[in-house]
Amino acid sequence: MLYIKTKLNEEITLTIPIYCDEIYTKCPECGVEHAVEPEIIAHLLNEGDDFASASVYCEKCSKKETAADTTEMRKGEIDTLEKLASPIVQWIREHQGTHTEVHISWDHVRVKHDGIGIPFPYSDE
Ligand SMILES: [Zn+2]
């Protein structure tokens with residue numbers, strides 16, 4: 001049996017058995033108390049982190065973290081795309097017209113010049 005042993009005062013020492021499904025923390029983001037999955041405990045042990053300074057986000061906040069990471073990654077991709085596309089857009093504006101498109105794939109660059117066009121609404125009925 002693994003247990004937590006803590007001394008309350010000179011006379012009283014508490015020993016509390018540790019059960020895997022009874023380990024809790026408070027989310028550093030929203031403060032909600034939540035159970036810590038055994039896999040996360042194993043991860044903390046593997047990383048050599050100490051339990052007292054460990055931060056474990058609740059399910060809701062960890063999803064927000066992941067979404068924020070994804071948003072940050074997307075922002076990087078958008079910045080890269082903008083840098084790559086800027087000279088081409090500049091070239092279209094200076095040497096072509098509003099009916100010119102450039103399609104780029106891994107083995108081909110195609111410059112298209114559209115003719116006349118009108119929107120043509122589609123309906124399932
Ligand atoms: Zn939270």
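# A tour from domains to a hairpin

Start with the whole chain: it is divided into domain 1 (24–57) and domain 2 (61–113), with bounds that come from an automatic or database domain assignment. Colour the two domains, then look at their centres, taken over C-alpha atoms: 39 Å separate them.

Before you click further, know that this is a predicted model, where local features need pLDDT of at least 70 and side-chain atom pairs count only at pLDDT 80 or more, while totals for chains, interfaces and linings use all residues. Residues are numbered from 1 along each chain as its sequence is written.

**Stop 1: the whole chain.** Switch to cartoon view. Going from the N terminus, the order is β-β-β-β-α-α-β-β. The chain is more spread out than a compact globule, because its radius of gyration is 29 Å, well over the 14 Å that the globule rule gives for 125 residues. That radius is taken over C-alpha atoms, and the rule is 2.2 Å times the number of residues to the power 0.38.

How much of the chain is buried? Buried residues make up 1% of the 125 residues. Here, buried takes 20 or more other C-beta atoms within 10 Å of a residue's own, exposed takes 12 or fewer, and partly exposed is in between, with C-beta atoms placed from the backbone.

**Stop 2: the hairpin.** Select residues 3–7, which form strand β1, and β2: the two run antiparallel and five bridges join them. For strands to count as paired, DSSP must find at least two bridges between them. A hairpin of five residues links β1 to β2. Show side chains and pick out I4, which stands opposite I16 in β2. Then try K7, whose opposite residue in β2 is T13.

Are these strands covered or in the open? β1 lies largely in the open, because the number buried among its five residues is zero. Strand β2 (residues 13–17) is hardly covered either, with a buried count of zero among its five residues.

**Stop 3: a lysine in a helix.** Now select helix α2 (residues 59–95) and find K64 in it. Why is K64 called partly exposed? Because 13 other C-beta atoms lie within 10 Å. Finish by drawing a line from K64 to P17, C-alpha to C-alpha: they are 47 residues apart in sequence and 34 Å apart in space.

How values were computed: Helices (H or I, at least four residues) and strands (E, at least two) are DSSP runs, numbered from the N terminus.
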